[in-house]
Every structure is written in C-alpha cells, then in structure tokens.
Amino acid sequence: MLSSDEIKKIFKLSRLAYSDDDLEVAKVQINNILECIETVRKTEVGNTEPMSHVHGSFNIFREDKVIPLLTTEEALSNAPDRSGNFIKVPLIIETE
Amino acid sequence: MSEIRKLGIKDLQSGLKNKEFSSVEITQEFINQIKQDELNSFVLTAEDFALEQAKAADQKIAKGEISALTGIPVAFKDLILTKGIKTTACSKMLADFIPPYDSTVTKKVYEAGGIMIGKTNMDEFAMGGSNENSCFGPVKNPWDKSRVSGGSSGGSAVAVANGYSPVSLGSDTGGSIRQPASFCGIYGIKPTYGRVSRYGIIAFASSLDQIGTFAKNTEDLATMLEVISGKDPLDATSVDMPNNKINLGTSIKGLKIGVPKEYFIEGLDPEIESTVKKAIAEYEKLGAEIVEISLPHTEQAVSTYYIIAPAEASSNLSRYDGIRYGFRDKEQKELKDLYSYSRSKGFGEEVKRRILIGSYVLSSGYYDAYYLHAQKVRTLIAQDFKAAFEKVDLIACPTAPTTAFKIGENISDPVAMYLCDVFTIPASLAGLPGMSHPCGFDSKGLPIGLQLLGRPWEEEKLLNASYAYQQNTEWHKKLAY
C-alpha cells in the first residue's frame, strides 16, 4: 500500500502537477491497480529471459545518410511560442 | 444513393468501374451520412480534402487506372498523422496539432487510391476500452445508443458499423480493434507486430502498438491489409516479410482449431459462451478439427500488460512537455512548472493514471520487481502460444467477456475496465495476428464477436477461415442501420 508521500513522489517523477484532491483519488486508484498487478510478481519465472520485443530483433542498423524529411518551418509549425527559428520558453535558470 | 452506405469495397469499385456512380458522388454520400451522425464517431470531416481526392480518383477511373482502393473512402483513427489535417489523439494535449507529415499507412492508402474521409473518435492516446476517455466525449454504440462502442478505436468501428465509411483504420495495443469490432458487430484485424509500419502513428506502447483495419466483411479486411502492410525503413521494428496477395476461398477441411480452456471461465457471459461455442461447431461442420488446448499463463496476461503498457506509455508520453508542440500552460513562469502544469492540464485522467503507474514500475527500486518481472512473464505467455501452435493452426475464442456495456458503467473503476481486454491482451503481448468476426447476438440484441488468433505472419489463415465461416452464415448481413 503506497502512502501519500510515495504517491507525491510518483507525481513528481511523472512531471505532473497535482492538487490535494488529485492525490487522494490517485492514492486509492493506484493502490487498486497495484493490487491487481500483484499476480505478476507472484508468478514463478525461474530462468526465463525477459521479452522486450516479440521477434527478438536487436540493434537494427541503417546507413547514416541524410534524407530530407522536414523543413525548419515545418518542424517549428506547431511550436506553442517562437521567435524566428527558435522555440521560446520561460526562464530556465531558477530564481532561488 | 441510400444503398451506397451498405456497400463494401468490392461492390463500390464495381459500381465505379461500371459508371453507376462516381467517387465524388459516393464520397459526398458518406460525408452526408457523417454530418447526420448522432453517435459522435467522427471528430473531423475532411470534406474538401476528400472531394479533391475523389475528383482525382474519378479521372483515374476514366483512364482505367484502378488500384486496390481507387475512389474508396477510408476513415482514419485520429492518431494516424495526416499532413495538414488536424490529428489530436483525442487529447487536449494535441487539440491544435497539425501534422507536418503523413504517416506511412496514410501514404499507402493514398497511393492505393483511397479517400481520407475524416478522423475518428478514440480513447485519448488509445488508452481505454470503451471510448469514454476521449476529450470529444464518448462514442455511442449503433445497436444501442445508451451503450459504449468499445475502444480504443471506437470511432473507427462505428464509422463502418453505421455506414459512414466502407472501411476504416484503427490501432490495437491490447485489443483496441478486436474489442470494438466485436461490440459493434463488424470485422476487425490486428496484424502481426511488425507487419505494418508505425511511422507517423502517435505512440502509446511501442512494443505492442499495431495498425489494423475494420470492414463489413472478410474480403475488405484482406484488401486493406494488403494495402497497409510492408517493411518501412522509417520504422525499425517493421519486418521485411513477403506481402503477397491474400487468397480466400481455400477449403478449411482438416484445419486444426484450438479452443483454449482458460478462455471459458467465470465472468464470461453465458450467452457469449454458448454463441461462440455454436460458431466453433460451425467451423467443425465446415471440416475443421476442433482441439482443446491450454494457455496456462492467461490469467497473468492482464496484469503483465498493465505493467508493460503503462511503462512504455510513461516513456513515450514524456515528449509532451509543452515546449516544442502540444499544449502549453502559458500562465507558468518557470520551466519546471511549465512542464508539470502543461502535462497536468493537457492530459486526461486515464492517461495521467497510466503515466503514474508507468513511472512507478520503472522507478529505481521497483524496476526489477515489476517491469523486469513482467517482461519475463511476457515470455511465458508467448511460449504458451508457441507450444499451442505446434498442435493447432488457429485458436478460436470469444473476443470479449461481455457485449457492449452501458456508458458510465465502468468509468469509475479502472480495474473493471482493464478486465474487458482479458481475451485480447495475451495475443498482443505475444505479437500475434488476431481478428474478430461477428458470430451472433445476445438476448438484448447486441453483437457478439469470435476471435481468431494465428501464428506470426499467418494472417491469411485467419482471413481464409473467417471467409469460410462468412460464406456459410448470415451475420455479416445484419446491419445496425
């Protein structure tokens, strides 16, 4: 059972802002979900190898060749805020 | 023209060839139907774009240049990028996103002459099994408007089931094509992982996501699959397999169909059990040999999925930070706040829930216990199937444990919602091809689907069996409209 402090830590890891209400709801739901996925932890796996890809593909290489995909204008076309060919963001260095 | 919406690819193309109607006329007719939609299945109608494409198709038809989809409208799930046409994943996060490029499947449909008629509603970022997690609201079931369409590709399923488009594209991560196909009484296929390029698809869980298609009949599924399949240099996980013409109509005499005992369990609606068993008996009548099999790790599949899929989702969705594209909370003055508030305000509840779970199971101290362990159980699930396919050619089972449930019925209980995918998730974890075809109705008049699963790359076997069943039954002729 995860505590409120642990849930807060997960919100922080996930880069999600939260209110006290969010925290309370998440605490109940996440603990329910963790209870449901507990069966996995109890499954005996012995020396079984983990599967990250169903066909066992590994390191697929291609030639390092430049191909035209997006223009600068296209790449920036959905930027929420920009200045010329730059994306504008708020202050990066913290004030405190 | 009222009959147009009942037709599939083959009949529409023969009408186009014989000049009974033009592509512009049928495209306009489908668009008129979409405009009267009361089921909330489309989030965007691409009227001008589609009619331009239809005009070009008519010119080609006049010259006798006809490809697999020339002049045929196709509806696209709203996570498939379409250059210059808004693609939102039904999330506030991407509410204004206009893709600067086309996905590979988009290009393939265009190259085959298909008309992009509109973008369909879905669960936000494909996370959900009822289409209730969309920022555009739920999609209603055409057989009973008080019920869900299924999800996450609910809009694409309804587009076909209610005659707004002859075929559509969807995506399936844990059952998001097969389950809504079953709930809506139509055909849906999730190809083998790697059969279809994921380039230009808004990602949910990259080791599971696969693009597939919905149709009114098996032949149209086969046609669509031929169009969208193929190795793509822009998707390293796509696999170079021969993309041959799919042959339907071969006898299924002697075909060995396995029926997994773990799929007929408590919680399975008894009406579904009897209907699916009747359909399996029909296969036996057609000459198939029915064999009981066991997939011992079935019970662990949902839990395994709900570790692996959220883990991949939390990683994939970290790109939405309010900086380069997507929603930005402009009230925030500091970068850290901009990240967390843009994400918090841009994502819906289910998406946030999955990011939280994913971050937790990948976090230091828990990675081995959850994520790594789940990956090992995933291997065991895949091995179960491998062993079963040494004895049988196909597996037949119910697609979902219930028929379409009421809107709102499961929304406050994520775990209950997750269990809706209990029969579709195992094949997703193993990367196998799977499809759902209609096989009857329950006493409430709601459709029931039969799921067929096959060995990797053996989609043709699934489709051929489905075609044999279709030839000898009438379910595909039952329409919701």
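1. Let me start at a helix end: B:Asp269 caps the N-terminal end of α8(B), with a side-chain oxygen 2.9 Å from the backbone nitrogen of B:Glu271. Keep in mind that this is a predicted model.

2. The helix itself, α8 of chain B, runs over residues 270–285. Its 16 residues reach 23 Å from first C-alpha to last, close to the 22 Å expected at 1.5 Å a residue. After the helix comes B:Gly287, which has a positive phi, near 110°.

3. Now the two faces. Buried in α8(B) are B:Ile272, B:Thr275, B:Val276, B:Ala279, B:Ile280, B:Glu282 and B:Tyr283. They sit on the same side of α8(B) because they cover an arc of only 150° around the axis. The face turned away from that buried side carries the exposed residues B:Pro270, B:Lys278 and B:Lys285. Covering the buried residues are, among others, the chain B strands β9 (256–260), β10 (289–293) and β11 (394–398), along with α15 (459–471).

4. On to the largest nonpolar core, which has 155 residues. B:Tyr283 is among those with the most contacts inside it, as are B:Phe385 and B:Ile395. Helix α12 (residues 368–391) of chain B gives the most to this core, ten residues. There's also a second, separate core of seven residues, including B:Phe183 and B:Phe405.

5. B:Ile395 is worth a look: leaving out residues up to four places away in sequence, it touches B:Ile257, B:Ile293, B:Phe385 and B:Leu453, among others.

6. Over in chain A, A:Asn31 is in helix α2 (residues 20–36). A:Asn31 counts as buried because its relative accessibility is 9%, under the 20% cut-off. Its side chain reaches the backbone oxygen of A:Lys27 at 2.8 Å.

Methods. Residues are numbered from 1 along each chain as its sequence is written. Chains are lettered from A and ligands numbered from 1 in the order in which they are written. This is a predicted model: local features need pLDDT of at least 70, side-chain atom pairs count only at pLDDT 80 or more; totals for chains, interfaces and linings use all residues. Side-chain values use heavy atoms; hydrogens and water are left out. A nonpolar core is a set of buried Ala, Val, Leu, Ile, Met, Phe, Trp, Tyr and Cys residues joined through side-chain atoms within 4.5 Å. Buried means under 20% relative accessible area, exposed over 50%, partly exposed in between (1.4 Å probe, protein chains only). Helices (H or I, at least four residues) and strands (E, at least two) are DSSP runs, numbered from the N terminus. Contact means heavy atoms within 4.5 Å. A polar contact is a pair of N or O atoms within 3.5 Å; within protein, one must be able to donate a hydrogen and the other to accept it, and residues adjacent in sequence count only if both atoms are side-chain atoms. The expected span of a helix is 1.5 Å times one less than its number of residues. The arc is that of the directions from the helix axis to the C-beta atoms.
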